[in-house]
Amino acid sequence: MESELCFAYVGQGYAKPVTTVKCSICGKEVSWRAVVSHYMGHGKKSGSDMACPICNSKVKSQEYREHVRKHFAVKREAFYICGVCGKSFVSLKSLLIHIMKTHE
Ligand SMILES: [Zn+2]
Ligand SMILES: [Zn+2]
Ligand SMILES: [Zn+2]
């Protein structure tokens, strides 16, 4: 699954890590260190669920943060690429930990 929110993948190549990323929802320039938590902040609560600001689907609040993180994960051949900074990982799990530690 390729996320539309992949900042690292541009056309045929990967963009270099950038210091700011333009939020596609509010247009604000966000530091790439906080871009994932910024997107999480756009989620709307609906009952016990959260509406994802990226794909509009409803997710359980406990799964919401993990769900948003996955929008920034890109599968490229044998690797998982961080959609924010372009760093590659051998497993989705280690990529999600990287996203949590680096971009939230
Ligand atoms: Zn925003
Ligand atoms: Zn989503
Ligand atoms: Zn990253």
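Here is a short tour of the structure, one selection at a time.

Keep in mind that this is a predicted model, where local features need pLDDT of at least 70, side-chain atom pairs count only at pLDDT 80 or more, and totals for chains, interfaces and linings use all residues. Residues are numbered from 1 along each chain as its sequence is written, while chains are lettered from A and ligands numbered from 1 in the order in which they are written.

**The sheet**

Start by selecting S8, S9 and S10, the 3 strands of an open, antiparallel sheet in that order. Strands here are DSSP runs of E with at least two residues, helices are runs of H or I with at least four, and both are numbered from the N terminus. Two strands pair if DSSP finds at least two bridges between them. Strand S8 (73-76) and strand S10 (88-89) are the edges; each has a single partner strand, so one side of each lacks a neighbour in the sheet.

Now zoom in on S9, residues 79-82, which 2 bridges join to S10. What stands opposite Ile 81 in S10? Pick Ser 88 and you have the residue facing Ile 81.

**The helix across it**

Next, select residues 92-102. This is helix H3, lying across S8, S9 and S10 and running at about 10 degrees to S9. Axes are lines fitted to C-alpha atoms, for helices over the stretch in contact, and angles run from 0 to 180 degrees between N-to-C directions.

**The core**

Show Val 36, Phe 72, Cys 82 and Val 84, the residues with the most contacts inside the largest nonpolar core, which has 17 residues. Such a core is a set of buried Ala, Val, Leu, Ile, Met, Phe, Trp, Tyr and Cys residues joined through C-beta atoms within 7 Å. H1, S8, S9 and H3 each give two or more residues to this core.

**Two last stops**

Go to Met 40 in helix H1 (residues 35-40). Is Met 40 buried or partly exposed? Met 40 has 19 C-beta neighbours inside 10 Å, so it counts as partly exposed; buried takes 20 or more other C-beta atoms within 10 Å, exposed 12 or fewer, and partly exposed lies in between. Beyond four places in sequence, Met 40 is in contact (C-beta atoms, placed from the backbone, within 7 Å) with Arg 65 and Val 68.

Finish at Cys 55, in the loop between strand S6 (49-51) and strand S7 (58-60). From Cys 55 to Val 68 is 9.2 Å, C-alpha to C-alpha.

How values were computed
Two residues are in contact if their C-beta atoms, placed from the backbone, lie within 7 Å.
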